[in-house]
Amino acid sequence: MPHQADDPGGATPRNRPGDTSLTLGVVALMGSFIPVIGDFAAAPLGILALLLGVLGVWNNERGLATNFGPSLIGATLGAMALFIVLFMFAVTR
């Protein structure tokens with residue numbers, strides 16, 4: 001039986017947290033190399049990327065999302081950005 005658009009059983013995947021995590025992770029990683037921007041912008045963006053990436057991976061594990069790769073990469077980039085911000089903070093102060 002073909003899938004119809006008005007079928008209530010066919011839910012759309014919840015890919016938004018993983019996709020947002022990837023975007024925020026890239027922006028946070030780029031901003032983390034600039035000391036002033038890293039302290040005020042890259043750290044919060046890295047935290048958000050990490051949390052949304054974990055949520056995206058969790059949604060994928062439960063079968064609610066279809067973007068495991070971007071979610072995992074976003075969480076990893078967010079964690080790397082946080083590490084770089086903390087390292088730059090420790091070195092410059």
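Start with the whole chain: of the contacts (heavy atoms within 4.5 Å) with a separation of 6 or more, 74% are between residues 24 or more positions apart. This is a predicted model, where local features need pLDDT of at least 70, side-chain atom pairs count only at pLDDT 80 or more, and totals for chains, interfaces and linings use all residues. Residues are numbered from 1 along each chain as its sequence is written, and side-chain values use heavy atoms, with hydrogens and water left out.

Color by secondary structure. You will find three helices and zero strands, in the order α-α-α from the N terminus. Helices here are DSSP runs of H or I with at least four residues; strands are runs of E with at least two.

Select residues 35-61. This is helix α2, with 27 residues. Its first and last C-alpha lie 36 Å apart, close to the expected 39 Å (1.5 Å times one less than the number of residues).

Now go to A41. A kink of about 45° lies there, shortly before the proline P44. The bend is the angle between axes fitted to the seven residues ending at a residue and the seven starting there.

Which residues of α2 are buried? Among them are G38, A42, G46 and N60. Buried means under 20% relative accessible area, exposed over 50%, and partly exposed in between (1.4 Å probe, protein chains only). Show α1 (16-31) and α3 (68-92) next: both are part of what covers these buried residues.

Step past α2 to G63. Its phi is positive, near 85°.

Finish at M30, in helix α1. M30 is exposed, with a relative accessible area of 55%.
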